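The following questions and answers ask on what grounds each structural term is applied.

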There are 2 protein chains.
Amino acid sequence: MAQAQKITPRAKDFSEWYNDVVMQAELADYSPVRGCMVIRPHGYRLWELMQRALDDMFKATGHENAYFPLFIPMSFLAKEAEHVEGFAKEVALVTHTRLKATGKTGAQAVMPDPESALEEPLVVRPTSETIIYAMFAKWIQSYRDLPLLMNQWCNIVRWELRTRLFLRTTEFLWQEGHTAHATEAEAEAEARQMLGVYRTFQEDWMAMPVITGRKTESEKFAGALRTYALEALMQDNKALQAGTSHNLGQNFAKAFNVQYQTAAGGLEYVWNTSWGVSTRMIGGLVMTHSDDNGLVCPPKLAPVQVVIVPIWKSEEERGQVLGVGDKVKAELAKAGIRVQLDSRDSLKPGAKYFEWEAKGVPLRLEIGPRDVAAGQVMTARRTGGKAPAKLEGIGGAVIKHLDEIQAALFQVAKDRREAHSIRGVTKQQFLEFMKGTGGFAYGGFCGSPACEAEIKQHTGATVRVLPDPEFRSAEAPKTCLWCGKPSVAEAVWAQAY
Amino acid sequence: MAQAQKITPRAKDFSEWYNDVVMQAELADYSPVRGCMVIRPHGYRLWELMQRALDDMFKATGHENAYFPLFIPMSFLAKEAEHVEGFAKEVALVTHTRLKATGKTGAQAVMPDPESALEEPLVVRPTSETIIYAMFAKWIQSYRDLPLLMNQWCNIVRWELRTRLFLRTTEFLWQEGHTAHATEAEAEAEARQMLGVYRTFQEDWMAMPVITGRKTESEKFAGALRTYALEALMQDNKALQAGTSHNLGQNFAKAFNVQYQTAAGGLEYVWNTSWGVSTRMIGGLVMTHSDDNGLVCPPKLAPVQVVIVPIWKSEEERGQVLGVGDKVKAELAKAGIRVQLDSRDSLKPGAKYFEWEAKGVPLRLEIGPRDVAAGQVMTARRTGGKAPAKLEGIGGAVIKHLDEIQAALFQVAKDRREAHSIRGVTKQQFLEFMKGTGGFAYGGFCGSPACEAEIKQHTGATVRVLPDPEFRSAEAPKTCLWCGKPSVAEAVWAQAY
């Protein structure tokens with residue numbers, strides 16, 4: 001294992017801090033492949049826990065998992081005009097299928113065999129609307145086949161020039177839901193429902209408060225009718241788009257001829273939705289909760305929820321504290337808690353604390369000889385606070401700690417977000433805010449893409465969402481914060497990842 | 001949904017029968033992408049159940065999941081000479097990263113942008129030894145870091161010319177375990193342990209009996225020291241390689257410089273193993289158990305273990321039988337059984353039976369008005385046999401049925417395999433056997449690759465494994481069944497998928 005290194009403080013360099021936290025927690029590592037990362041076991045376990053929670057919610061809302069091809073014929077992408085334009089600059093293209101010896105040695109020993117060139121290049125999926133709706137056209141015949149509710153967990157490739165671990169990588173893991181409905185209203189309800197599922201997950205599991213709403217025309221998904229999104233505010237006051245849900249209208253249905261026979265015998269195009277969240281959420285989790293000692297992980301998603309660190313000097317003490325540690329571990333495991341006992345001889349307790357803190361374990365239990373004598377353990381929360389707890393009934397006490405930590409993380413993040421949100425801003429206030437700390441600025445918007453572009457150019461801020469009713473200001477803004485023309489909708493502006 | 005169609009009988013055309021079973025059970029479908037299939041919800045659920053069982057076994061033996069890049073630099077593959085030679089003819093190569101408008105319309109609207117050509121093409125992983133061991137070199141410093149036990153669930157691409165649903169597709173899903181050890185003995189023990197894990201899974205979960213053993217030099221994995229495999233006999237008496245486990249020796253450690261400091265302070269190369277099973281197992285499951293009515297699925301892996309079909313004529317009866325059906329469903333679900341109640345109005349009971357049989361549901365419960373009156377249901381096993389069962393204690397009765405079906409499927413498959421195995425064959429017997437029904441032929445082998453090649457040319461049979469002791473014949477063969485020279489090992493020969 002690499003030596004533990006100091007983590008750059010947030011105040012010094014947020015971006016460095018983020019990389020340090022991810023690396024020290026062993027969530028991910030850089031790979032020798034440009035723009036691609038390796039998700040290490042601690043990070044992958046976190047992803048598995050996220051997947052399990054989300055997958056249960058997808059299944060509870062009637063969706064089934066399936067798997068579609070990694071490769072998409074280039075011509076499929078071209079069938080939906082906005083779609084191909086949106087992805088043209090970032091697709092990996094497979095053009096050959098064999099290697100040929102060059103006669104040279106070492107790294108130059110092989111080259112693509114020119115004779116294996118494909119007639120039609122294949123695109124490595126940047127998203128799967130085209131290939132999935134081509135299949136839907138085959139499976140959907142009548143209104144009885146609707147709604148068709150599917151989901152796929154898979155890897156995705158978008159050729160990114162500037163990459164960041166989890167936040168923006170050439171390859172990432174995600175899920176993409178794809179559905180077909182008989183009516184526009186049903187598709188709209190589905191897109192909104194899944195936005196709600198994401199919000200529940202991100203707030204209740206990730207303890208990451210989000211604002212939901214609609215994207216503007218210039219920020220919507222390439223090929224969608226309407227895009228809804230969830231936006232969270234990171235500790236550097238930049239917004240992170242944490243998930244999207246699209247009402248695709250009949251755009252793809254028309255491009256791929258997905259029609260169904262109505263009960264009355266007519267022929268209609270279906271209405272599609274698609275929605276996705278990705279490993280990017282891990283980056284959001286890190287930047288929402290972590291501190292200068294490393295990762296802070298909400299208990300519900302922590303790969304290790306509790307670590308037990310026994311403390312001893314003599315061999316006799318060692319036997320005692322390990323004996324108690326084993327018992328506590330068994331009791332917690334039985335209660336369904338993800339627990340580890342760190343019995344390593346090679347590290348002192350302080351070094352162990354340091355390591356587990358960096359890995360984001362929410363609760364540490366220290367067991368020393370005096371604790372054993374007193375029939376207790378010392379509890380130490382990752383987020384601060386130490387207190388003794390009786391060995392008897394330790395399971396219940398630990399669960400209470402974890403629940404409280406989970407709730408507190410959400411509240412702290414929400415308070416922080418609200419402290420960095422301003423409402424009803426004038427142009428001058430907006431400029432100062434965006435030049436200063438930044439955050440979420442709520443203001444009137446004229447709806448013009450030109451105005452949007454000008455604001456982005458001057459401040460780096462974009463419309464994150466036209467917020468849903470519950471997030472809107474008590475008084476609707478009357479004029480655009482930038483141009484002063486009548487406002488068509490309140491908008492939330494921020495600089496973003 | 002597509003109309004239910006007749007399944008080609010096995011006796012008429014085994015290959016057609018297989019495709020029909022897969023399609024009618026809605027396990028998979030052909031995609032518009034050459035050689036790639038779509039795994040439909042019923043098939044994907046089966047894969048999820050396989051994954052869950054295997055993943056638990058991997059974790060129980062100390063392995064952790066991680067995720068490595070889809071792309072491998074071409075030069076990495078070239079670093080291990082046998083490895084690149086083994087895969088050169090079947091790799092998908094990414095060479096460009098942008099699309100460019102051609103000015104044409106429709107399918108020809110875009111082309112790869114020549115300006116986006118990569119300096120070094122990327123190989124879409126056909127297996128991940130090279131990229132994973134490049135990372136191991138970074139993570140492993142000392143003997144304290146060993147053993148390193150990892151696994152990855154992912155998609156894999158091998159450019160196949162002749163493809164078959166699940167059995168051989170350009171893209172498939174699998175898991176690949178990758179480990180590093182301090183000594184050859186530990187690596188060997190790991191490779192053997194994982195072969196045992198696979199056997200337990202395939203026999204206890206898939207109810208598919210397997211023979212284990214070592215591959216010959218000509219059949220081993222490209223870059224391995226030794227390859228172990230599991231071989232099952234399909235109903236057409238062809239063998240299916242159902243999984244492999246490799247002791248890679250120090251071949252990759254030397255190519256990627258994976259060294260560790262020993263306790264004594266010296267520097268040594270690690271010993272690696274890799275092992276994998278794939279969605280191909282689904283094909284094996286289908287061809288082991290299914291019949292002319294469609295899929296037969298072992299209960300432990302059946303996406304739907306029990307289907308309840310209510311039978312009614314009047315509205316009053318409908319209310320009665322559905323009421324009882326709901327109760328039974330709730331009771332079975334509570335007992336952890338995967339159960340569905342088919343309450344569709346649009347289909348008659350017989351049509352429902354037909355559909356669920358094709359989908360391989362192990363047990364059907366029929367509930368008619370007379371059953372309700374008698375306080376019973378009628379049970380019908382997918383594998384044959386009907387009997388009434390009391391409603392009281394139905395959960396226990398169903399579990400007993402499922403356990404018995406699971407056990408019987410394994411026994412029937414094992415008996416079939418043994419009925420199609422011959423031992424101690426002479427050359428003449430061997431030729432007749434391979435020209436006739438085929439199956440597993442146990443015979444002496446001189447160890448010469450030339451002899452092996454000649455046998456393959458004449459009979460289409462290959463050495464599946466040099467079997468492990470428990471599978472060997474009571475009397476060791478003395479001479480090679482083909483050339484008559486002294487035998488160095490007993491071999492199991494068969495025509496294979």
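Q: What makes residues of chain B and chain A count as part of the contact?
A: Contact means heavy atoms within 4.5 Å. The contact takes 73 residues from chain A and 73 residues from chain B. The model is predicted: local features need pLDDT of at least 70, side-chain atom pairs count only at pLDDT 80 or more, and totals for chains, interfaces and linings use all residues. Residues are numbered from 1 along each chain as its sequence is written, chains are lettered from A, and side-chain values use heavy atoms, without hydrogens and water.

Q: What is the area buried between chain B and chain A?
A: Buried area is the accessible area (1.4 Å probe) that two parts lose on being put together, summed over both. For chain B and chain A this is about 5900 Å², with 67% given by carbon and sulfur atoms.

Q: Why is the meeting of A:Glu48 and B:Lys59 called a salt bridge?
A: The term requires a side-chain nitrogen of Lys or Arg within 4 Å of a carboxyl oxygen of Asp or Glu. The side chains of A:Glu48 and B:Lys59 meet at 3.1 Å, N to O, and therefore qualify. Between chain B and chain A the count is four salt bridges.

Q: Why are strand 5 of chain A and strand 5 of chain B said to pair?
A: Strands (DSSP E runs of at least two residues, numbered from the N terminus) pair if DSSP finds at least two bridges between them. These two strands, residues 93-96 in each chain, share three bridges in the antiparallel sense, so they pair. A:Leu93 has B:His96 as its bridge partner.

Definitions and conventions:
Helix = DSSP H or I, 4+ residues; strand = E, 2+ residues; numbered from the N terminus.
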